Amino acid sequence: MQIELGRAARKHWSLQPDGTFLNHGSRGACPLVVQQAQTTLRSEMENHPDLFFERIEPVHPQCTLRPVAETLANFIGLHGEQLALVESATAGVQTVLNAMPLNPGDQILFTNHQYNAVRLAIEDRCRRTGAVPVVVHLPVPTNADEILQRILDAAGPRVKLAVLDHIASATALVFPVVQLVRELQRRGIRVCIDGAHALGQLPLNLGVLGADWYVANAHKWLYAPKGSAMLHASAATAAMTSPVLVSHFIDKGFPRSFDYTGTRDYTAWLSLPAALGFFHGIGAQRLWAHNAQLVKSGSAALTAAGGVALCPDDQCAAMRSFRLPQTCTLPDDGLTLRNALWNEERIAIRAVVHDGALVLRFSAQAYVADEDLTRLGEALQKYGWPARR
Ligand SMILES: Cc1ncc(COP(=O)(O)O)c(C=O)c1O
């Protein structure tokens with residue numbers, strides 16, 4: 001039976017019934033069937049802990065984890081040998097930063113759209129190694145050509161590593177990653193793509209993309225439980241890529257050294273086949289078409305309420321960000337607006353201050369309907385921007 005889309009799909013999630021949820025991008029939301037799969041796995045873990053944990057080990061003849069990594073890898077154009085499971089996108093980026101040999105004066109390039117934790121991890125690595133962070137400022141609204149040009153203009157001979165978003169967090173811009181990877185690598189720069197939002201949100205073929213590393217979260221757009229993320233290392237970088245946490249199988253190299261990192265809860269990773277099953281149950285093309293239609297409706301509602309889109313129509317996927325018209329005065333203005341929309345309207349949304357402006361991002365998703373986005377537009381118009389009352 002095909003999974004419905006729109007409001008009817010809400011029965012597949014446990015989202016609070018009185019809420020309008022337009023912020024899937026921040027933390028994802030795990031469907032009930034995937035929650036149940038994880039609960040079953042947790043029971044198996046506690047029913048026979050020894051057996052359960054022994055079978056996580058990458059050397060066990062009936063290993064349960066490696067086939068899961070293989071399944072995920074195949075979904076994005078890779079082999080299992082090219083993909084490690086990690087706990088979060090931040091952990092994946094941290095692993096890459098540790099792997100990259102850096103000398104004082106070497107540069108790490110990133111942009112002012114980078115996720116805060118990733119920026120902090122880069123700055124921390126720079127402090128420890130004497131490397132220098134190079135931040136490319138990308139003013140918004142912008143487009144793919146401008147992003148490419150500004151990044152390449154900053155890619156001088158001292159840049160050793162570029163950490164770039166596939167889909168940026170606050171601004172929801174889809175970066176031209178194919179051209180970026182090709183052009184940066186041509187200049188001898190290693191490229192790590194932060195695809196925290198990309199897995200499940202748009203078609204991915206990492207075998208074709210050819211980035212040195214690619215990090216992604218599965219708990220956002222692939223419906224997996226929290227704590228499931230991945231790290232792909234290319235043939236050129238796999239040998240230098242080790243887990244942050246050294247444990248029993250460290251001598252197995254990439255990716256097996258990542259598989260067993262102690263007696264912890266592996267059920268989020270093991271639930272990935274259930275998450276992929278749900279994703280395929282909806283159908284990727286059907287889901288992406290539904291989301292594209294929602295982004296259109298949401299864009300109309302936000303534009304009517306005075307918002308300005310941060311990118312052209314063809315440079316966003318299932319999320320879109322808008323600059324709101326009022327002058328932004330306090331760093332907490334985003335939080336104030338977000339809280340007002342939840343407290344007064346039960347609308348969950350992401351709003352942040354980016355580059356001195358108040359930026360609101362909405363997410364489409366299988367359980368979102370046009371009427372949800374109409375409600376958002378009406379709420380913003382009704383209150384004349386709640387943060388400003
Ligand atoms: C672009 C981007 N990178 C990294 C992260 C960090 O993800 P995690 O919290 O799983 O480490 C996020 C989280 O939203 C993100 O949006």
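Predicted model: local features only at pLDDT ≥ 70, side-chain atom pairs only at ≥ 80, totals over all residues.
The side chains of S299 and R320 are joined by a polar contact of 2.9 Å. S299 belongs to helix α12, and its relative accessible area of 9% places S299 among the buried residues, because buried means under 20%. Leaving aside residues up to four places away in sequence, S299 touches F322 and F362 as well as R320.

Helix α11 spans residues 272-282, and its buried residues are L272, A275, L276, F278, F279 and I282. These residues lie on the same side of α11, because they cover an arc of only 155° around the axis. Just after α11, G283 adopts a positive phi of about 100°.

One of the buried residues of α11, F278, leads to the segment before β1 (20-21), where H12 is placed. H12 touches F278 together with I3, E4, P31 and L32, not counting residues up to four places away in sequence. With E4 the contact is also polar, side chain to side chain, at 3.1 Å. The relative accessible area of H12 is 18%, so H12 counts as buried under the 20% limit.

Is E70 buried, exposed or partly exposed? With a relative accessible area of 34%, E70 is partly exposed, because this value falls between the limits of 20% and 50%. E70 touches H79 and G80, again without counting residues up to four places away in sequence. The C-alpha atoms of E70 and G80 are 3.8 Å apart, although the two residues are separated by 10 places in sequence.

The ligand forms the next part of the picture. Which of the 13 residues around the ligand come nearest? They are T90, D194, H197, N217 and K220. An N or O atom in the side chain of K220 is 2.6 Å from an oxygen atom of the ligand, and the side chain of H197 places an N or O atom 2.8 Å from a ligand oxygen. The backbone takes part too, with an N or O atom of A89 lying 3.4 Å from an oxygen atom of the ligand. On its own the ligand has 390 Å² of accessible area, of which the protein covers 87%. The shell around the ligand consists of four nonpolar, six polar and three charged residues.

The peptide bond between V140 and P141 is cis, with omega about -5°, and P141 sits in the loop between β4 (132-136) and α7 (144-154). A cis peptide bond also runs from F254 to P255, with omega near 5°; P255 lies in the loop between β8 (229-233) and α10.

Two residues other than glycine have positive phi values: A172, near 60°, and Y223, about 70°. A172 is found in the loop between β5 (159-165) and α8 (177-186), whereas Y223 occupies the loop between β7 (213-217) and β8. Both are buried, A172 with a relative accessible area of 1% and Y223 at 0%.

Key:
Residues numbered from 1 in each chain as written. Heavy atoms only, no water. Helix = DSSP H or I, 4+ residues; strand = E, 2+ residues; numbered from the N terminus. Buried < 20%, exposed > 50% of the residue type's maximum accessible area, 1.4 Å probe, protein only. Polar contact = N/O pair within 3.5 Å; in protein donor to acceptor, adjacent residues only side chain to side chain. Contact = heavy atoms within 4.5 Å. Near = heavy atom within 4 Å. Areas by Shrake-Rupley, 256 points an atom, 1.4 Å probe, with all protein chains shown as cover. Nonpolar A, V, L, I, M, F, W, Y, C, P; charged D, E, K, R; others polar. Arc of directions from axis to C-beta.
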